[in-house]
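Here is a friendly briefing to read alongside the model. Keep the viewer open and follow the side chains topic by topic.

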Amino acid sequence: MIKLSLISFIFILLNSSILAQEIPVPENYSIIQSAKGDLDKDGQDELVVAYETNINRQTEESTPRELIIYKLVDKQWTILEKSKNALYGNRDGGMMGDPFGQLAIKDGILLIDQNGGSSWKWGHTDKYRYQNGAFILIGYTSVSGKPCEYWTNIDFNLSTGELVIEKEYEKCTDADQEIYKTENETFFKKGLKINLQNRNEKEVKIVSPKYRHEIYIAIKLVNEFGE
């Protein structure tokens, strides 16, 4: 009887813990993807969820999305941070459709991939680190271009300010693709303060000093949140 009671107790404890850790879903939201990992270096995993909003609304316009980061407090997921500016809307990928790529947590860094385009394509990855009570954008990598014209690769370390641009111009024939010119440039751009909250509140454009390449690190999102 004691053994049976102990087993029952353990089952109830485990079951209640699992239920307490179910992914929260705000009203009229649906989950796109979630990821778990230790973001604040306290030895306990946080939960990051990308949400679709206004799921019951019928529209052909792009629907905004929200990113919420939860911390487990007393076996309940409690909001640590949230952003209405970190994710593009569900139709903001152009002809390619949904721009959402994936969420991942690696070595305590939050990674967000998004992409889109048509014949001209783009994709980028944001890297956020939790520091001083906020999720700071510390890295930005992107690739964009059009086949048989050019491809631009950007690697921007916002912590050090180092920005590397590699641009390859190519032409295509019936038989092959040929890179006929390359432009490589490295320079420093310091002082940008971008975080999860203000990620795309305003446009951030950088013009490279040598080749005058225009780089858009952030664009102003137009959404229904009024922000």
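This is a predicted model: local features need pLDDT of at least 70, side-chain atom pairs count only at pLDDT 80 or more; totals for chains, interfaces and linings use all residues.

C172 has a relative accessible area of 31%, so this cysteine counts as partly exposed.

**The disulfide**

- A search of the whole structure turns up 1 disulfide.
- C148 sits in the loop between β8 (134–146) and β9 (150–157), while C172 belongs to strand β10 (residues 162–172), so the bond ties together parts that are 24 residues apart in sequence.
- The disulfide is left-handed because the torsion about the S-S bond of C148 and C172 is about -95°.
- As a reminder, a disulfide is a covalent bond between the sulfur atoms of two cysteines.

**Aromatic pairs**

- The structure holds 4 aromatic pairs, and Y29 with Y51 is one of them, a tilted pair with 5.5 Å centre to centre and 55° between the planes.
- This pair links distant parts of the chain, 22 residues apart: Y29 is in the loop between α1 (2–20) and β1 (30–37), and Y51 is in strand β2 (residues 46–52).
- Y29 and Y51 are both buried.
- Y169 and Y180 make a tilted pair too, because their planes meet at 45°, with ring centres 6.3 Å apart.
- Y169 lies in strand β10 and Y180 in strand β11 (residues 177–188), so their pairing joins parts 11 residues apart in sequence.

**Charges over rings**

- The ring of Y169 also has the charged end of K181 sitting over it, 4.5 Å from its centre.
- K167 lies over the face of Y150, at 4.4 Å from the ring centre.

**Nonpolar cores**

- The largest nonpolar core has 29 residues, and those touching the most other members are L67, L103, L110, Y128, L163, I215 and I217.
- Which residues does L163 touch, not counting residues up to four places away in sequence? They are I154, D155, F156, E185, T186, F187, I206 and I215.
- A second, separate core of 8 residues includes Y29, I68, Y70 and W77.
- In general, nonpolar side chains tend to be buried together in soluble globular proteins.

Definitions and conventions
Residues are numbered from 1 along each chain as its sequence is written. Side-chain values use heavy atoms; hydrogens and water are left out. A nonpolar core is a set of buried Ala, Val, Leu, Ile, Met, Phe, Trp, Tyr and Cys residues joined through side-chain atoms within 4.5 Å. Buried means under 20% relative accessible area, exposed over 50%, partly exposed in between (1.4 Å probe, protein chains only). Contact means heavy atoms within 4.5 Å. A disulfide is a pair of cysteine sulfur atoms within 2.5 Å. Helices (H or I, at least four residues) and strands (E, at least two) are DSSP runs, numbered from the N terminus. Rings of Phe, Tyr and Trp (its six-membered ring) pair if their centres lie within 6.5 Å; planes under 30 degrees apart count as stacked, over 60 as edge-to-face and the rest as tilted. A charge sits over a ring if NZ of Lys or CZ of Arg is within 6 Å of the ring centre and within 35 degrees of the ring normal.
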